[in-house]
Amino acid sequence: MRAPTQGELAGPRSLGRTLVQAAGLVLLGLVPLGLLWGNGYWVNILATAYLFAALAASWNIIGGFGGQFSLGHGVFFAIGAYTVARLYLDLGLTPWLGVFPAAALAMVVALLISWPTFRLRGPFFAIATMAINEACFALANYSDRITGGPRGILVPFRAGFSNMIFIERWKYALLMFGFMAIVVLITAWLRRARLGHYLMAVRADEDAAAAAGINVLRVKLQGMALSAFLTGIGGGLFAMYVRVLDPPSLFTLPDIGVKFALITLIGGIGTIIGPVVGAILIVPLENFLRGSLSGDIPGGHLIVLGAVLVIAALFLKRGVVGAFLGVARRRRGAS
Amino acid sequence: METFLNILLSGILLGGIYSLVSIGLNLIFGVVRIVNFAQGELVMLAMYATYFCFAKFGIGPYYAVFLVAPLMFLLGLVVQRLVLQPLQNEPMMQIFATFGLLILFENSVLAITRGEGYSLAGAYSRAVVDIFGLQASLSRIIVFLAATTIAAALMLFLQHTMAGKAIRAVIQDRQSARLMGINVSRTYLLTFALGTALAGVAGALLAPIYTLSPYIGGNFILAAFAVVVLGGLGSVPGAYLGGLAVGLMESFAGYYVDPALKQAIWFIIFVAVLVLRPSGLMGQAGAEEVGLREQG
């Protein structure tokens with residue numbers, strides 16, 4: 001058996017203190033926005049970074065705390081995006097409300113596909129969820145009545161608060177930041193809640209967790225439901241942010257499903273603030289590389305991203321936050 | 001009846017392609033317990049290497065295979081030692097690492113070729129053979145025969161040689177295998193390289209059939225996973241027959257349902273098998289959980 005790593009065993013800290021700490025760290029995320037205020041290009045990238053931080057934090061609930069390596073979160077993301085767009089276009093429902101049925105639908109679908117696939121462990125679960133993602137990719141291309149098929153859906157630009165469409169990019173940045181803050185606070189709460197402890201017990205050893213009286217399947221399903229619900233909201237925000245929804249932009253694994261996991265890995269799997277750190281590092285890096293490399297080298301930014309993924313898997317298993325906590329702990333131990 | 005036979009034949013030949021691609025994946029999966037998401041990209045690399053042999057040196061794909069397969073074996077040795085060996089007991093990190101390799105290989109080829117599509121098809125896939133009045137392309141028949149030969153040779157190798165017996169012992173129980181004096185870490189290394197070399201064979205033989213693209217690996221990998229899950233972990237006949245089964249299902253569903261839904265059909269097969277019989281049709285029951293969290 002492996003020794004429990006940092007963050008795996010609950011310390012004596014109270015829920016209140018964890019929440020305050022998480023809130024403080026999240027507020028630090030506003031610093032880059034303040035520094036780059038007025039620079040439309042970078043504010044835009046920050047908005048994406050905040051959104052992906054929130055999505056990675058949602059993935060982290062089941063992927064990090066629960067140890068269930070889902071590659072299928074693109075499905076919940078896409079359901080959120082398509083539902084919000086359809087409700088807005090067909091029924092005129094404001095996206096502020098539309099995200100809730102969208103997230104609920106993502107959650108229901110997540111429960112339906114997870115119930116059989118949660119019988120699988122480790123890499124088998126990852127393969128099955130990847131297959132789900134690809135199958136839904138094909139279905140989205142196929143059912144043009146709902147998704148517009150390969151051409152996709154275009155949400156017309158009608159700026160206005162109730163449409164969640166803004167001219168100023170900083171409004172999007174604040175919107176995404178708010179969503180990120182909510183997701184991070186939910187994970188901070190989860191970390192101290194019964195469900196969080198159950199999820200971590202399942203990750204550490206499923207058989208032992210079951211022997212200790214934990215209903216493993218139910219815990220996994222609860223974690224997945226929460227994760228998919230939040231991912232669905234993220235998909236809805238994404239829909240109103242980019243306003244062009246075609247299947248490749250919602251289902252491509254390296255851009256969506258795997259990206260959530262990658263960001264979490266870089267920041268620190270199973271930590272509260274890791275996904276935020278990961279997104280604030282990876283999203284701007286990727287945009288910068290795309291701008292500077294892809295003109296000369298097609299796919300250049302993805303070469304770097306692939307290499308980062310391999311190197312992080314080899315040498316940075318606990319992410320930036322994990323490495324930082326490790327150093328801090330050693331220093332405390334030495335003094 | 002004629003249509004039916006045509007669909008049957010094209011399904012079997014497509015199944016040959018899936019079998020060929022899946023055998024290497026299944027060997028790696030069953031023995032080393034690594035889910036190699038980059039297996040399709042290994043096939044893709046071999047396809048480009050084969051094209052390169054033809055374009056630069058005029059070596060045809062059916063000769064180039066003897067060059068490409070050993071090169072892929074070497075690549076397999078390097079990848080296993082540098083990337084996968086250090087992650088042997090960390091399934092989650094393995095997924096990250098092999099997915100990183102997938103993105104890396106795919107985009108490196110994209111960068112080198114600048115997205116230009118290459119094709120050997122003009123020179124090789126026109127030849128057509130007549131089987132009892134049905135037309136079939138020669139290059140696909142060669143793939144089918146190669147898949148059959150490789151499956152048979154691999155089964156003989158696993159049954160009758162010491163190295164093959166060591167591999168089977170590791171599939172069954174790596175702890176006990178180690179206690180019996182088998183060098184498990186070297187078995188992993190050689191098996192992974194062998195699986196990579198088989199991807200090389202597949203790539204060389206498939207080069208005349210497909211138009212080359214950096215993303216072509218994605219066409220194989222999901223089908224190959226479906227085959228592996230269907231056939232059973234680490235089982236060579238399972239991969240071979242599973243490949244044929246998936247090829248037939250895709251072919252019939254493509255004709256009678258809709259070709260656009262083939263991925264959905266793989267997925268249904270997939271989940272049905274995973275749920276009903278997680279060890280696959282020809283796998284050892286319970287094999288899917290062996291070695292996932294074990295030390296050593």
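Tutor: Helices (H or I, at least four residues) and strands (E, at least two) are DSSP runs, numbered from the N terminus. This is a predicted model, where local features need pLDDT of at least 70 and side-chain atom pairs pLDDT 80 or more, while totals for chains, interfaces and linings use all residues. Residues count from 1 along each chain as written, with chains lettered from A and ligands numbered from 1 in written order.

Student: Okay, which residue just after α2(B) takes a positive phi?

Tutor: Helix α2 of chain B covers residues 39–57. Just past α2(B), with a positive phi of about 70 degrees, sits G58(B).

Student: In chain B, what is the bridge partner of V128(B) in β3(B)?

Tutor: Strands β2 (128–131) and β3 (134–137) of chain B pair (at least two DSSP bridges) in the antiparallel sense, over four bridges. Their hairpin has two residues between the strands, and F132(B) takes a positive phi near 45 degrees there. Across in β3(B), V128(B) is partnered by S137(B).

Student: Which element gives the most to the side of chain A that touches chain B?

Tutor: The contact (C-beta atoms, placed from the backbone, within 7 Å) takes 38 residues from chain A and 37 from chain B. On chain A's side, elements giving two or more residues are α5, α6, α13 and α15. With 14 residues, the one giving the most is α6(A).

Note on methods
The expected span of a helix is 1.5 Å times one less than its number of residues. Two residues are in contact if their C-beta atoms, placed from the backbone, lie within 7 Å.
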